[in-house]
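These are my notebook entries on a structure that I had not examined before. I record below what I looked up, entry by entry.

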Amino acid sequence: MTTPILSTQALKAFYGDAQALFGIDFELAESEVVAIIGANGAGKSTFLKALTGLVKASPNEVRWRGQAIGGQSAHEIVRLGLALVPEGRRLFPSLSVEENLLLGAQAQRSGPWNLARVQALFPILKEKRHLPATSLSGGQQQMVAIGRALMSNPEVLLCDELSLGLAPIVIREIYQALPQICAEGMGVVIVEQDVSLAQKISTRLYCFQEGRVTLQGPSAALTRDQISQAYFGI
Amino acid sequence: MDILIQGILLGSLYALFALGLSLMFGVMRLTNTAHGDFIILGAFGALGAMACGLSPWLSALLVLPMAWLVGYGLQKTVLNQTLGKDPVPSLVVTFGISIVIQNALLEIFSADPRSIDSGGLNTLSLNLGGDLSVGVLPVLILGLALCATLFLQWLFSSTAMGRAFRAVSDDPEIAALMGLNSKTVYAQATGLAFLLVALAGVLQGMRTTVSPADGPMLLLFSFEAVIMGGMGSFWGTLAGGLLLGMTQQLGFRWDPGWGIWCGHVVFLTLLVLKPQGLFPKTK
């Protein structure tokens, strides 16, 4: 088997004295779409933070194309080609929509994504480009957050709860953009609370519970019983 | 009329003092209690270079890049370690630096007030018609204060560097995800602030006299200008500085001993009536 683009071995993470991850083994192949599901506090967001360097990990616990990158700073890891759409969007309030997007290009990686391409994907961002980013609606803000991450031309895009706090119709609109994003061969990791949505959009699925992987496999092959057992631990 | 003009000219120097403080607080929420002492250090830096035989203007020019380097280095090595949710470490460390600077200057230059020779510029004046005349140096300072404010406002609103400053100020964690090293961005901001500080110090030394113990007073003026102006923009800081200068000048006219006191009273009154300052941040 070829080396996965992104993998973790026995990844542990802590917030002070509290341990949040208890040895996560994870793999993502090139151009693969993988979903991570789990209840609140299962460690999904912490896992993405550990991948991107926002939460510290030991060097060998996180590997990028086989190379140990755990413990590197967030501003170095993004240059490798790993971008995060953070939970709750976290746009820069004192920057306009366009400035938020331009800041995403700070990592200066070359590739297919630029301002015009992101604005073509989400036309509303062109229309509202001069408005303060946080004046937009929740769905539009999520588009800015996705566009901002794409601007760094990542090889792997991590999305943390894109549907959080959004209306179902808006969620559908956001996820409709996903095939266009994946068309370039980008790997995608999606953390999602909505289990059936996660199953539908991904090829493989991981289920986290209390900082451990309780289930993994091809999304289509997993049954509802298997998932609910892994999800709730009953 | 004369008082107002003199007040604006004095206030423009205060505005220059305050811009650096406003910049550092705005980008990294760092309150530099050694700010006034760095202004004095800038002036003495120029005096030191002159003592080595350099001309006053060359010394002043030499001090500016030096100040940028000192600011950048200080932020990288010391101040970055003090930043965090708790403001106390940075206050204590800059307070300590303030004491070190004051005593080092006292040791090297003695307590005597000194002045930077501006080659006669400080005695030249312009006649504005009638019995109204203004000094050339104060007018130059006003021009520099306006330029500095315009420049900072442009830098923050229209350049990639300004965008980075605002982004790390908003959310350093997410800024790191975008590839910004907040510690380097902070160092750039402090470098820029120190460049302004040194410029203000040299001008202060040319306009009047500086002595090693003057720092805390200048810090107070800078604070008053920043707070009266509000944190909304650098124009607010400029307005705060001008307002402070005008009220002090009015006080001086009333009684030479009461000028600075008048400034403090107006500051306190404004703080009670409009604690957000004249131009508060609108979000």
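Entry 1: a helix pair in chain B. I began with the contact in which B:A145, B:T149, B:L152 and B:Q153 of α5(B) meet B:F234, B:W235 and B:L238 of α10(B). Two residues are in contact if their C-beta atoms, placed from the backbone, lie within 7 Å. Helices (H or I, at least four residues) and strands (E, at least two) are DSSP runs, numbered from the N terminus.

I then looked up the geometry: helix α5 (residues 136-158) and helix α10 (residues 234-254) of chain B pack at about 160°, their axes 9 Å apart. Axes are lines fitted to C-alpha atoms, for helices over the stretch in contact, and angles run from 0 to 180 degrees between N-to-C directions. That angle makes α5(B) roughly antiparallel to α10(B), a term for angles over 145 degrees. The crossing of α5(B) and α10(B) is right-handed, that is, the near helix is turned clockwise from the far one by less than a right angle.

Entry 2: conventions. The model is predicted, and local features need pLDDT of at least 70, side-chain atom pairs count only at pLDDT 80 or more, and totals for chains, interfaces and linings use all residues. Residues are numbered from 1 along each chain as its sequence is written, while chains are lettered from A and ligands numbered from 1 in the order in which they are written.

Entry 3: a sheet in chain A. I noted an open sheet of 4 strands with antiparallel pairing, in the order β2-β1-β4-β5. Two strands pair if DSSP finds at least two bridges between them. β2 (18-28) and β5 (67-68) of chain A stand at the edges, each with a single partner strand, so one side of each has no neighbour in the sheet. Strand β1 (residues 6-15) of chain A pairs with β2(A) over 8 bridges. I found A:E27 in β2(A) as the bridge partner of A:S7. Helix α1 (residues 44-52) of chain A packs on the sheet, touching β1, β2 and β4 (62-64), and its direction makes about 70° with that of β2(A).

Entry 4: Is A:R89 buried or exposed? I found A:R89 buried, because 24 other C-beta atoms lie within 10 Å; the term requires 20 or more, exposed means 12 or fewer, and partly exposed lies in between, with C-beta atoms placed from the backbone. A:R89 sits in the loop between β6 (82-85) and α3 (97-104) of chain A, and its phi is near 70°. A:Q108 is exposed, with 9 other C-beta atoms within 10 Å. Its place is the loop between α3 and α4 (115-121) of chain A, and its phi is near 55°.

Entry 5: where the chains meet. I recorded 21 residues of chain A in contact with 14 residues of chain B. On the side of chain A that touches chain B, α2 (74-80) and α3 of chain A each supply at least two residues.

Definitions and conventions. Angles under 35 degrees count as roughly parallel, over 145 as roughly antiparallel, 65 to 115 as roughly perpendicular and the rest as oblique.
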